[in-house]
Amino acid sequence: NQSIEILKSLGMLIPKVGYEEEIKAFQELEQKQKPIQNGVLFVGDSDIRYWNFDNQFQNDFAGLPVINRGFGGAKTWEVLMYFNELILPSKPKVIVYCCGDNDIAVLEEKGVKNAVLGFQLFLEQIKLKAPSVKKILYLGIHPSPIDEPLWGHIENANTQLKKVCADNKIVAYVDYLHLLFDSKGKLIANCFKEDGLHFSPNFYKSFANYLIPLIKEKP
């Protein structure tokens, strides 16, 4: 695949590209009903996808023109590979981007570079192909109970990503990690499901309340 070779030539590590069926499902959905235009597009991995369960995503963001395009255990290279399919149909005004933790989960220390480079390349694609986008909220990569050995890599990636966001006028780094920790600096267990990895419904609700003012803020 030429696109894979281009990404590799730019320095990305790509062990495998997956989730083609999930992307096809998005396309089939859009053929049946045109997606909301000029709204708020959430894109990325399972932290976005799981928000859809029990219609929570639409309920948490009621009144906002939101679209959920989270899929599987997406890595940054897959968001790039499927950029046209994920981003272009809805011509979003705002993008909420959540991806990078799976790069680190798969590649560990080498995943840090991938997560940073992947987002930088995403911003280049926005500049080239998506002039409708006026604001991007980058959701910092979060630690979870099950991936504690990777926390140092996550912190390293977030430090670099904050700089990437600071250098781009339409991008804001969303540091929400304080919502996950108690006063003693320990992760709050009920912020996560029993798998110790994915967010709980209660956390999603508080997370939405935190994000809504940022989404509504003028670029």
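Helix α8 in a predicted model

Q: Is N114 buried or exposed in this predicted model?
A: N114 is found in helix α8. Buried means under 20% relative accessible area. N114 has a relative accessible area of 1%, so N114 is buried.

Q: Which residues does N114 touch, not counting residues up to four places away in sequence?
A: N114 is one of the buried residues in α8, which also include G111, V112 and A115. Leaving out residues up to four places away in sequence, its contacts are G11, M12, L13, T76, W77, D103 and L107.

Q: How far does helix α8 reach from its first C-alpha to its last?
A: Helix α8 covers residues 109-129, which is 21 residues. At 1.5 Å a residue, 30 Å is expected. The reach in the model is close to that, at 31 Å.

Q: Which element gives the most to the largest nonpolar core?
A: The largest nonpolar core has 46 residues, and those with the most contacts inside it are I87, I95, Y97, F119 and F122. With 9 residues, the element that gives the most to this core is α8.

Q: Are the axes of α8 and α9 roughly parallel or roughly antiparallel?
A: Residues of α8, among them V112, A115 and F119, meet residues of α9, among them A157, L161 and V164. The axes of α8 and α9 (residues 151-166) come within 9 Å and cross at roughly 20°. Angles under 35 degrees count as roughly parallel. Therefore α8 and α9 are roughly parallel.

Technical notes. Residues are numbered from 1 along each chain as its sequence is written. This is a predicted model: local features need pLDDT of at least 70, side-chain atom pairs count only at pLDDT 80 or more; totals for chains, interfaces and linings use all residues. Side-chain values use heavy atoms; hydrogens and water are left out. Helices (H or I, at least four residues) and strands (E, at least two) are DSSP runs, numbered from the N terminus. The expected span of a helix is 1.5 Å times one less than its number of residues. Buried means under 20% relative accessible area, exposed over 50%, partly exposed in between (1.4 Å probe, protein chains only). Contact means heavy atoms within 4.5 Å. A nonpolar core is a set of buried Ala, Val, Leu, Ile, Met, Phe, Trp, Tyr and Cys residues joined through side-chain atoms within 4.5 Å. Axes are lines fitted to C-alpha atoms, for helices over the stretch in contact, and angles run from 0 to 180 degrees between N-to-C directions. Angles under 35 degrees count as roughly parallel, over 145 as roughly antiparallel, 65 to 115 as roughly perpendicular and the rest as oblique.
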